[in-house]
Amino acid sequence: MAADRCPHCLHQDSHHVQCSRFSQTSPIVWVLSKGEDHEGGDVLGVFASKGVARGPFAEAARSIPFDLDSAWQDDDTGAVHAHGGCD
């Protein structure tokens, strides 16, 4: 089995929460990252809650050197994204 798969449900997405063995008591962190499309990036911070990450997320979105062309929230993970140009 590939190392990047969940050992319980074999899902390849390492931050998934849909696995039946996921526990609501498991710690959840929010990772703020930036980078160009499909080219990796940098972790800007790790936060204990989505609310605490809100200010740094807005600041990072404002620093994108292009006009924002889209923003969305993933239905399955709750992850929030902002996109401008290739960033």
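Modeller: Let us begin with a term: a residue is called buried when its relative accessible area is under 20%, and exposed when that area is over 50%. The model discussed here is a predicted one.

Biologist: With that term in hand, which residues of helix 1 are buried?

Modeller: In helix 1, the buried residues are Ala53, Ala60 and Ala61. Their packing partners are strand 2 (42-47) and strand 4 (80-83).

Biologist: How many residues does helix 1 have, and how does its reach read against the expected span?

Modeller: Helix 1 covers residues 50-62, which gives 13 residues. From its first C-alpha to its last the distance is 18 Å, close to the 18 Å expected at 1.5 Å a residue.

Biologist: Which residues form a nonpolar patch on the surface?

Modeller: The patch is made of Val29, Val31, Val43 and Val46, which together have about 370 Å² of accessible area. One of them, Val31, belongs to strand 1 (residues 30-34). Val31 counts as exposed because its relative accessibility is 53%, and the cut-off for that label is over 50%.

Biologist: Is Gly40 buried or exposed?

Modeller: Gly40 has a relative accessible area of 55%, and is therefore exposed. Its place is the loop that joins strand 1 and strand 2. Apart from neighbours within four places in sequence, Gly40 is in contact with Lys34 and Gly35.

Biologist: Is Gly84 buried or exposed?

Modeller: Gly84 counts as buried, because its relative accessibility is 0%. This glycine lies in the segment after strand 4. Setting aside residues up to four places away in sequence, Gly84 touches Ile64, Phe66, Asp67, Leu68 and Asp69.

Biologist: How far apart in space are Gly84 and Ala71?

Modeller: Gly84 and Ala71 are 8.9 Å apart, C-alpha to C-alpha, with a separation of 13 residues in sequence.

Notes:
Residues numbered from 1 in each chain as written. Predicted model: local features only at pLDDT ≥ 70, side-chain atom pairs only at ≥ 80, totals over all residues. Heavy atoms only, no water. Helix = DSSP H or I, 4+ residues; strand = E, 2+ residues; numbered from the N terminus. Expected span 1.5 Å × (residues − 1). Buried < 20%, exposed > 50% of the residue type's maximum accessible area, 1.4 Å probe, protein only. Contact = heavy atoms within 4.5 Å. Patch = residues over 30% accessible without salt bridge, like charges linked within 9 Å, V, L, I, M, F, W, Y side chains within 5 Å. Areas by Shrake-Rupley, 256 points an atom, 1.4 Å probe, with all protein chains shown as cover. Salt bridge = Lys/Arg side-chain N within 4 Å of Asp/Glu carboxyl O.
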